[in-house]
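Subject: Structure handover

Hi,

Here is the structure you asked for. My notes on it follow below.

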Amino acid sequence: MASRPRVFTIPASAPFLTVLIDALMNDKLGLGFKPGGDPLALADVTIYLPTRRAVRLLRETFLDIVKGDAAILPRLVSLNDVDADEIMFAEAAGDAEPGALEMPEALQGLERQTLLAQLILKWVAQITPTEKVQAPLVAGNPRAAMALAQDLARLMDDMTMRQVDWSKLDGLVPEDLDTYWQLTLKFLKLVHEPWQGILAERNLIEPAARRDLLITAETNRLATLRGPVIAAGSTGSIPSTAKLLTTIAHLPQGVVILPGLDTNLDTTTWEQVDRGDGHPVYGHPQFGMHALLRRIGILRDAVEVLGAPAPHGREMLASEALRPATASELWRERLLSNEFTAHADDAFKDIAVIEAGNAEEEALSIAIALREAMETKNKTAALVTPDRALARRVLAALSRWNVPVDDSGGDALADTPVGVFARLVAEAALDGLPPITLLAMLKHEQSPFDRRAVVALERSVLRGSRPRQGTEGLAHALKTFREELGKYRRRETSSLHRTDARTRLTDAELDAATALADRLRAALQPLEALSNKRAPFAAFAKAHGQALQTLRRIDEHLGGRFDAIEKAGSIVIEASDYAELFHAAIAEPVIRRPEQNVRVRIFGPLEARLQSVDRLVLGGLVEGVWPPETRADPWLSRPMRQELGLDLPERRIGLSAHDFAQALGAPEIILSRAARQGGAPTVASRFVQRLAAVAGGRWSTALKNGEKYLALARSLDEPQGKPRPVARPEPKPPFEARPKRLTVTEIEDWLRDPYTIYARHVLKLRPLDDVDTPPGAADRGTLIHGSIGDFAKAYAQKLPDDPVRALTEIGERHFAPLADYPEAKAFWWPRFRRIVDWFARYETERRGKLASLQAEIAGSIKIPFGNEEFELVVRADRIECLADGRYAILDYKTGAPPTTKQVQAGLAPQLTLEAAILRQGGFDGVPKGESVAQLLYVRLSGGARAGEEFPIQLDKVTPDEHADKALEKLTELLRKFADPATPYYSLLHPMWATRYGDYDHLARVPEWSMFADENDIGGGE
């Protein structure tokens, strides 16, 4: 080895890779390397870079420089990031020393995690109940155990990387620790020996141990290597990598090139970054390089600078902004110096700060800033952010202008369409096919099902009350609905009615829905068979894979994860845990998009290292995002980690700070954050706060520069001109399209809200029930009406000997469908029994006053309507012929009946129009001209008053006169609406202005009613 190590640095504002190549080709590194046009000269050079992306970028930069000349490029090796916290070595490629690659394979990923989870569960089963109470965070189920196993694996890697022997755990004093930490320490001491046995049994080693062995082998190989060896862009943040860099620095032709070493920080403060006294400043961006220089054995002053900072360089600004807090008192002197003032004035010329109100506004502002850069020829721009949600929002915003973007972040397999569909299949099958989850699966972009069949299945059985669980329940619901639809078409049932959107389904549509249900049953049966069971994780995965394979071909990435689960998933789990564990199992692989040669890019902080662009946007600059939230170790407390010599969680802050400082080197900088995220206020990143502190009055200028993008974002979707309120709709369909047949209940809608009649009968729109709604008031009314109606029809001539028993038996038949909804039946059936007792007494008393009765009787009359006739139809709940020959009309209500005032005002004309139909001879068996003596509602609630009679008390007029008046008013209404110029207004009566009907959203009632007074609402009459 050479006696004097060679260490260089490239300023953050200089194009790192271009400077690196220039230094190599022009022998600025002092290696004696002079290619001299020899195309083979570069083949002797080995260059180590921190990431695979940096390797690809350096290769492209070399090709641009040689410009087609024949040349063999250097050997490029990536020091790959296998953990977001640190830069780790992937696996050395090429000529390792003999036997180096014959070491055992590493126990990787999911297999390792499940084995550790089994050890955790075994340990939990052995601890005492008292200990479980004292340490409530201890995993008690496979799902929690798998999460803890991931943290345990991270701890094992950390101890291996930091070369901490497990025997050092014995030096921790349990009595000084909280009960929880005593338990975790006890487990860590006990787990090491059996874990080593598991590794030995499988002839495997830890991933971190294998990586260290490979790095050691590579380090040993370098001792005999001829030719220049360069390690560029790495900070040596872990011991094994630092060892490799140290070896390279001392090679006769070895060089280490650091990214953005701070040469502006005064020596006294520099030494405070890590004095070696056990109190390092983990959060400082130079901490890693400070430790590396000490290990190499070189002072900062001996590090040479390659390339000069760019004119816009902000190295001094970043150095002062991120100065250790212990030395911030020097700001008074430093920030007022002429040197810093001049530097800061130049540095802030091209800095803009975006302080958006929310995440959406931040994303749109960033997209506008990136789009603006495209207006300058050959200008490049990029967004750097650790927030993938922000990156996706920006990507979506840029798509509105068709801007091509290279997004290097990729997506976790679990977040790709393939992964989401796979999880939906598991959730739906193992949870009994809940309608919302099932529809999400059926309508997913990866779904193989015919869209028309999905819609038919949704309309027939997935809207409204939930079917029975599973595919068998789905088939049963479809069969039941088809039977009900057949009865409706034959006029044999009242469970469906004309306004029910399901009545429009055709046999072909129902056949398609049935075929879809059959296909679902065939595909999901293996997985459904495991619902509500305990089985190995691998068994669930195998059934899940079979189900997906039956539905569609499995993606290669997803197939690889299924293979890994089936190989490693021996842990026994509950069916309810599978979907979440599966999601965790496929969350690790990141699917990268192919790189594109475009001018706009999106990077994560790791991918952004060594990149050079003209405009750089740093997004998501809030605490908890950049820097990331410090994550506590569930196995070791902070004092325990410090005593063992492990890094504290704040180490991640230092890495984030270095990324931030490096990014400030771009020519144009835009800093962005959202004031609120997820409805909660955010705190600006500490890096931004410090930058603002050293900026002084310049910060307001930066904010003003950012206001331009905010203003554009806010104005982008603003309407042109002064906004005007929408007018109340007044559709005027031609006479031919106007309805010529309505029920008496629809007349009430016509009087109150004509738009409802227009939407229902002219536009032919039918409201759909919500998905997966429990049986509601309308269903209860249908069941009670049906039961009472069937009883009255069956015993119209004579009451049975036991009315309570007879009505109860009829009710049991009607309530039978509620067997699928035990909660509803448990609430409604007792109420119905109270109704039965009351109604039996009421009926017995009332029958003595009757000559005859008819129940559920249909009636109709014809009324002139323009040059045609209008048919008014009804199905009356009950018409009684009293002992004196006059008639009584009854209507059952399970809710609140209309008031007498509403009936008298003509706004609730149901009973009066039924009386008019009766007087006109519109009911079979009732002669024309008969008199009506009573109009009454019978409320059947089953509550404190199970039933109650509400007679309509008409002032100064008889029911006959009121019936004639109602018919006259209807005739006048028909005359008016026979005129095509008469509109179907929305909400004619102010008393219903606050209600929200089935069609109010189409009429845009909330919009126009805000600007209308009561007279305007009623002005259509």
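**The largest cavity**

Twenty residues, written 20 in the count, line the largest cavity, and Gly260, Gln286, Glu315, Ala318 and Ala661 lie nearest its centre. A cavity here is a set of points, on a 1 Å grid over the protein atoms alone, where a 1.4 Å probe fits but cannot get out; lining residues have an atom within 4 Å of a point. Two elements give two or more residues to this lining: helix H11 (315-321) and helix H25 (651-663). Helices (H or I, at least four residues) and strands (E, at least two) are DSSP runs, numbered from the N terminus.

The volume of the largest cavity is about 180 Å³. A volume is the space filled by probe spheres set on the points, with grid points joined across faces, edges and corners. The whole structure was searched, and three cavities of 30 Å³ or more turned up.

By class, the lining holds eight nonpolar, nine polar and three charged residues. Nonpolar covers Ala, Val, Leu, Ile, Met, Phe, Trp, Tyr, Cys and Pro; charged covers Asp, Glu, Lys and Arg; the others, Gly among them, are polar.

**Before you read on**

This is a predicted model: local features need pLDDT of at least 70, side-chain atom pairs count only at pLDDT 80 or more, and totals for chains, interfaces and linings use all residues. Residues are numbered from 1 along each chain as its sequence is written, and side-chain values use heavy atoms, with hydrogens and water left out.

**Helices**

Back to H25. This helix has 13 residues and reaches 19 Å from its first C-alpha to its last, close to the 18 Å expected at 1.5 Å a residue. The expected span is 1.5 Å times one less than the number of residues. H25 is mostly covered, with eleven of its 13 residues buried. Buried means under 20% relative accessible area, exposed over 50%, and partly exposed in between (1.4 Å probe, protein chains only). Among the buried residues of H25 are Arg651, His658, Asp659 and Ala661. Ala661 is also one of the residues nearest the centre of the largest cavity.

Helix H3 (residues 109-126) has 18 residues. H3 reaches 26 Å from its first C-alpha to its last, close to the 26 Å expected. Its buried residues include Leu110, Glu111, Arg112, Trp123 and Val124.

Ile198 lies in helix H6 (residues 179-202). Ile198 counts as buried because its relative accessibility is 15%. Ile198 and Leu121 are 77 residues apart in sequence and 16 Å apart in space, C-alpha to C-alpha.

**Sheets**

What is the strand order of the open sheet of six strands? The order is E7-E16-E15-E8-E14-E9, with parallel pairing. Two strands pair if DSSP finds at least two bridges between them. The edge strands, E7 (351-356) and E9 (405-407), each pair on one side only. Twist averages 15° from one strand to the next. E9 and strand E14 (residues 600-603) run parallel and are joined by three bridges. Asp406 stands opposite Arg601 in E14.

Now strand E22 (residues 887-893). Six of its seven residues are buried. E22 pairs with strand E21 (residues 868-882) in the antiparallel sense, over four bridges. Ile879 stands opposite Ile889 in E22. The hairpin of E21 and E22 has four residues between the strands, and Gly885 there takes a positive phi near 90°. E22 also pairs with strand E23 (residues 932-940), in the parallel sense, over seven bridges. Leu935 in E23 is the bridge partner of Ile889.

Most residues other than glycine have a negative phi, and most peptide bonds are trans.

- The peptide bond from Trp626 to Pro627 is cis, with omega near 5°. Pro627 is in the loop between strand E15 (615-618) and helix H24 (638-644).
- Asn402 has a positive phi, near 55°. Asn402 sits in the loop between helix H15 (388-399) and E9. Asn402 is exposed, because its relative accessible area is 69%.
- Lys764 is not a glycine, yet has a positive phi of about 60°. Lys764 lies in the loop between helix H29 (754-762) and helix H30 (777-794). At 49% relative accessibility, Lys764 counts as partly exposed.

Best wishes

Terms used: On a 1 Å grid over the protein atoms alone, a cavity is a set of points where a 1.4 Å probe fits but cannot get out, and a pocket is an open set with protein on both sides within 12 Å along at least five of seven lines; lining residues have an atom within 4 Å of a point. Axes are lines fitted to C-alpha atoms, for helices over the stretch in contact, and angles run from 0 to 180 degrees between N-to-C directions.
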